[in-house]
Amino acid sequence: MPDRIADIWGGRTPHAAGTPWPVRVDRYVDEGVAEADIDWVQSACVLCSNGCGMDIGVQDGRIVGVRGRASDRVNRGRLGPKGLFGWQANNSPDRLTEPLVRRQGQLQPASWDEAMDLVVEKSRQVLNSAGPLGMGFYNSGQLFLEDYYTLALVVRGGIGTPHLDGNTRLCTATADFALKETFGSDGAPGSLTDFDHCDTIFAIGHNMAETHTVLWARVLDRLHGPDRPRLVVVDPRPTRVARAADVHLPIRNGTNMALLNGIQHELIANGWVDHAFVDAHTVCFERLERIVMRYPPERVAGICGVPADEIRAAARVIGTAERLVSTCLQGVYQSHQATAAACQVNNINLLRAMIGRPGCTVFQMNGQPTAQNTRETGANGDLVGMRNWQNPDHVADLARIWRLDPLQIPSWAPPTHVMQMFRYAEEGALKFLWIVATNPAVSLPDLGRIRSILAQERLFVVVSDAFLTETAQLADVVLPAAMWGEKVGTFTNHDRTVHLSEKAVDPPGQARPDMDIFLDYARRLELRNIDGDPLVPWGTAEECFEAFKVMTRGRPCDYSGLSYAKLRGGSGIQWPCTDGQPEGTERLYTDFTFNTDPDLCEDYGHDLVTGAGHERKDYAELNPAGRAILNAAHYIEPNEPPDDEYPFLLTTGRTAYHWHTRTKTGRVRQLDAAAPEAWAEVSPADAERLGIGEGDLVRVESRRGRLEARARVTGIRDGVVFAPFHYGYWDASDGHTRAANELTMTVWDPVSKQPLFKVAAVRVTKLADAGGTPSSAPTTTASEPLIEGVPATAGGEGVRERDAQEEQ
């Protein structure tokens, strides 16, 4: 196998528009393991939201490798570096194998009965003293559907608290809200196969080469084919996507809204709007036109810091496209005016009538492998089954299915987002917090504040995880959880493809699947329905899936035609999958009828600037009646602009080699060797002015904290500093100067409530010369150095050769 650390995307298999993406099967197996000795078990990758079909290789009860599934519609056999190598974290020797309970200030081993009795005792104490509003639950984007649905029933139906959210709030909550604001409900309109048909791609704030490596391989195969699609990219960094672009707009952080208004200005001014489609299938065009016509290219150029002619060029490419796919991700979702900007991306496709046809769609991308399931199951800020928490009929229908009094389900206000939950904990109102498979002590903004909240004696913290994370170290009880490959369940990717992941091996020691932990909790709390029966009627993952199917019947995310048996053996299947559509649904809205009827829609919408929620009467006045809603807003200045004291803008993000807070990927030798430590990217002009060279140790400071790391001089936009957010402290002995989120702000989008990680003001100071040692930042990605002579990033076989040399 070629070195897939050095060659992230693998070899090219070019093809023409409208032809199937060729198969290329990637695999990686432990050295010395014979193919004949491997048992292969069906699964899919859980290290980004693409959801690539894969098989898990097992020998003697241990995972020994993976291979891509050639039959799967998502990846056609391909795997990225995290998919190829990340499974090795399952075999890490520092897995949690028994519960831990804090005694005399120290976490000490305990039995499951002792740990769960304590969790239940504290739960009852809080419920008796503060009621359901004293309880909070914060979960992940990496559990399975069955875990989430069980948790949602226990928390929303049994305990009756609105304080339930997922770390998908940090990742793609804006995707969820943008889809609801425009189309009436969540769910990607299109299919990944639209990249195989399109003639134009518009990617704003989406570094797919690193966040979705297999998707970028798919796009690369089109870019190398006989009818290359045109590519417009918006990103302040010189990503591999940007380098391949026909037009690259490296705009100033926080100005997405102005740029997107300017592009819509050009679409309207140049006659690139399909008015027949807009008149028949959308509402609110007149208001949109009034606003965007105030954003000519010259004005936008002054706001965004890019030439007016380049804005015109980007709009021309988009405006003359015949088959347009638009995508966005964290560069929109984690930036200023997130939901407002994401809605403008939807608008662009609607103005061009680029929806519901092959090669014509908009992707409000997800970041995590099971982010879609948190939304479908109601384990984040949505009501279960894409129901509308403001619609009494929807709440009553859910209560009927769950066999509960509708008043038991908290629907008097929106579900509580995690930033508000931590504020309640800070104020003492939230007294119990259960954190599941996520690491807020590294991933939330303003980490000094987060650590102080988690360390409060008045807050009882439970953590379920596979490792002793930075967050688990602050907990009162730690519960060892099974990982992917050690339990059975389903999950759904960003184009609605549902995969089944079979259990390949047993979890280590006493670790348990998350669903089993929640079932045990519900039994011990004696949660019951109105008939007096146990609240949770299932005992296995498959039984839970069958119950979930019933709950989704007739909703936009209809799973009723799916089953474990149907998902075995072949490709993943896209929802809605029903008796009438037994093979799933590749594209939504093919008849241009959207889910905006007031009786069907998942949300009544918001003011995009203030975040104020609309009521049903406000929504009804729009009379969408199955038409998409063109949302509009003016650009406003970000909250913390640069000044003389803090003259730079910080943007955080991911690298291709790591996942979230490195809890798994930091324990994988190939991935860790490719990006072993944090770094800070600066432009050549900024580096020269500050006297900084490649590899110099620098301090990046905001009003909240500081980061110390080696500098990498790249082609990033002047005035912008980039730092990866992955690095925390579980494998570091120094103080709190390694995590990028020491610098970020406690501020969130008014609609999606997603924290804003890309608009903090910072200053940069040189601390020490490099002494001839460059930064260890990857050379294969957007962090490629400008100077020559920096050792190339290698792994895979390269790491084996290095290990062999060290052993000698």
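The centres of domain 1 and domain 2, taken over C-alpha atoms, lie 35 Å apart. The model is predicted: local features need pLDDT of at least 70, side-chain atom pairs count only at pLDDT 80 or more, and totals for chains, interfaces and linings use all residues. Residues are numbered from 1 along each chain as its sequence is written, and side-chain values use heavy atoms, with hydrogens and water left out.

**Exercise 1.** Find which residues make up domain 1 and domain 2.

*Solution.* Start with the domain assignment, automatic or from a database. Domain 1 has the parts 119-167, 370-484 and 505-542. Domain 2 covers 173-365.

**Exercise 2.** State how many residues of each domain touch, and how much area is buried.

*Solution.* Count contacts first (heavy atoms within 4.5 Å). Five residues of domain 1 contact six of domain 2. Next, take the buried area: the accessible area (1.4 Å probe) that two parts lose on being put together, summed over both. The value is about 420 Å². Carbon and sulfur atoms give 38% of this area. Now look at domain 1's share. Arg375, Asp382 and Met386 supply 83% of the area that domain 1 buries against domain 2.

**Exercise 3.** Count the salt bridges between domain 1 and domain 2, and inspect Arg375.

*Solution.* Look for a side-chain nitrogen of Lys or Arg within 4 Å of a carboxyl oxygen of Asp or Glu. The count is two salt bridges. Arg375 forms a salt bridge with Asp186. Their closest N and O atoms are 2.8 Å apart.
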